[in-house]
Amino acid sequence: MVKFAQVVLGPAGSGKSTYCAELQRYCNDKRRVLHVINLDPAAEEFKYAVSVDIRDLISVDEVGEEMSLGPNGALVYCMEFMLHNLEWLEDKLDAFVDNDYVVFDLPGQIELYTHFPFMRELISKLHRWDFRVQALYFLDSQFMADSTKFFGGCITALSAMIQLEIPHLNIMSKMDLTRDMTKRKVDEYMDADIDMLISDLSRTTPPRFMKLNNAMGSLLDDFGMVSFVPLDITDDDSIATLLLMVDLALQYEDEVDQSREVPDEVDECSE
Ligand SMILES: Nc1nc2c(ncn2[C@@H]2O[C@H](COP(=O)(O)OP(=O)(O)OP(=O)(O)O)[C@@H](O)[C@H]2O)c(=O)[nH]1
C-alpha cells in the first residue's frame, strides 16, 4: 500500500514547525491521522504532538558535548548517523497504519538539502518503503519586501528541487503578515512576472550585475521557481487548499508510477 508524505523544507524561521502544528490541528479536526516526524536534532520544543523524534536516536547537544563539535558540525554528524541507522526510522514508520499521513519537519540549515546528499538519500529510502513524497519549500512572506532576498530564496528553492528530484511546491508562508499589502502586490509575487522582478532587482544592484540578474531570472523562470502557493495558517481554507494540492500531486505521481510498472506477463514475454 502506497503512503503519502510531505517533507517541509526552508530556511530557519520560515514557519515550518508552525505549519506542521497547524496542519496537525487541522487534520485532527477532520479526523485524519497525521504523524509529524521531527528530523531536527537541535529542536528544543514542539508546538505539535511528535510521533517520531530524531533526538531519541541522537541529538546535537549530546554530539556537541561528546565529540567537541560546534553546532553545524554536530548537525551534520547527526544526519549522517541517522542515515547509517535508518532501520530505526523504518521501524517507527512501520508502526503507522496505511492511510496515516506523514509530515517530516526538517532543520532550517538549508545546506542540508542543497550541499549534502542526506535528504536525497532519505527520500530514496522513503520511496523504497513505498512512500510518495512531496517537498514543500517555505519562504517567509517578508522576503517579498526585498527583491534581493526574494531572488536568493528562489535560488535556494531551485537548488533544493534539483537535489531532491521529487514533486516540489514553493510555499509563501506567514501570509497573515501581508494584510497591509495590496492584493495586487501580493498576486504579483505569487506568480511573478520575471521581467518585473529583474527590473526590481536591477534597481537595487550595480549596473554591472545586469547580465547576471537576467541570467538568474530566466533560470528561475524556466524552472517555474517564481510561483508560490500562499499559506495563511490562520485561515483553515488556506491549509485545506494546500493539503488538496499535495494530495492531488501525490495521487498523480502514484498513477504515473503505476503506469510505468511493467506487468508480469510482459516481463515474462520479454525474457
Ligand atoms: N505571523 C506569523 N508568524 C509565524 C507564522 N509561522 C511561524 N511564525 C513565527 O515565526 C517564527 C518561526 O517559526 P517556526 O515555525 O519556528 O519556523 P521554522 O521554519 O520551523 O524554524 P526553524 O525550526 O528554526 O527552522 C515563530 O516565532 C513563529 O511563531 C505565520 O504563519 N504567521
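The questions below go from the sheet to the helices and then to the ligand.

Trainee: Before we start, what kind of model is this, and how are residues numbered?
Mentor: Residues count from 1 along each chain as its sequence is written. Local features need pLDDT of at least 70, side-chain atom pairs count only at pLDDT 80 or more, and totals for chains, interfaces and linings use all residues, since this is a predicted model.

Trainee: Which strands stand at the edges of the sheet?
Mentor: Helices (H or I, at least four residues) and strands (E, at least two) are DSSP runs numbered from the N terminus, and two strands pair if DSSP finds at least two bridges between them. The open sheet has 7 strands in the order E3-E2-E4-E1-E5-E6-E7, with parallel pairing. Each edge strand has a single partner, so one side of it is left without a neighbour in the sheet; these are E3 (50–53) and E7 (229–230).

Trainee: Which residue of E3 is the bridge partner of Ile37?
Mentor: E2 (residues 34–38) pairs with E3 in the parallel sense over 3 bridges. In E3, the partner of Ile37 is Val52.

Trainee: Are H7 and H9 oblique or roughly antiparallel to each other?
Mentor: Axes are lines fitted to C-alpha atoms, for helices over the stretch in contact, and angles run from 0 to 180 degrees between N-to-C directions. The axes of H7 (residues 147–164) and H9 (residues 194–204) come within 9 Å and cross at roughly 125 degrees. Angles under 35 degrees count as roughly parallel, over 145 as roughly antiparallel, 65 to 115 as roughly perpendicular and the rest as oblique. H7 and H9 are therefore oblique.

Trainee: And how are H9 and H10 oriented to each other?
Mentor: H9 and H10 (residues 210–222) pack at about 150 degrees, their axes 10 Å apart. They are therefore roughly antiparallel.

Trainee: How many nonpolar residues does the contact of H9 with H10 have?
Mentor: Contact means C-beta atoms, placed from the backbone, within 7 Å. Among the residues making it are Ile194 and Leu197 of H9 and Met210 and Leu220 of H10. With Ala, Val, Leu, Ile, Met, Phe, Trp, Tyr, Cys and Pro as nonpolar, Asp, Glu, Lys and Arg as charged, and the others, Gly among them, as polar, the contact has 4 polar, 1 charged and, as asked, 6 nonpolar residues.

Trainee: Which helix gives the most to the shell around the ligand?
Mentor: The shell divides into 3 nonpolar, 8 polar and 3 charged residues. With 3 residues, the helix that gives the most is H1 (residues 16–29).

How values were computed: Two residues are in contact if their C-beta atoms, placed from the backbone, lie within 7 Å.
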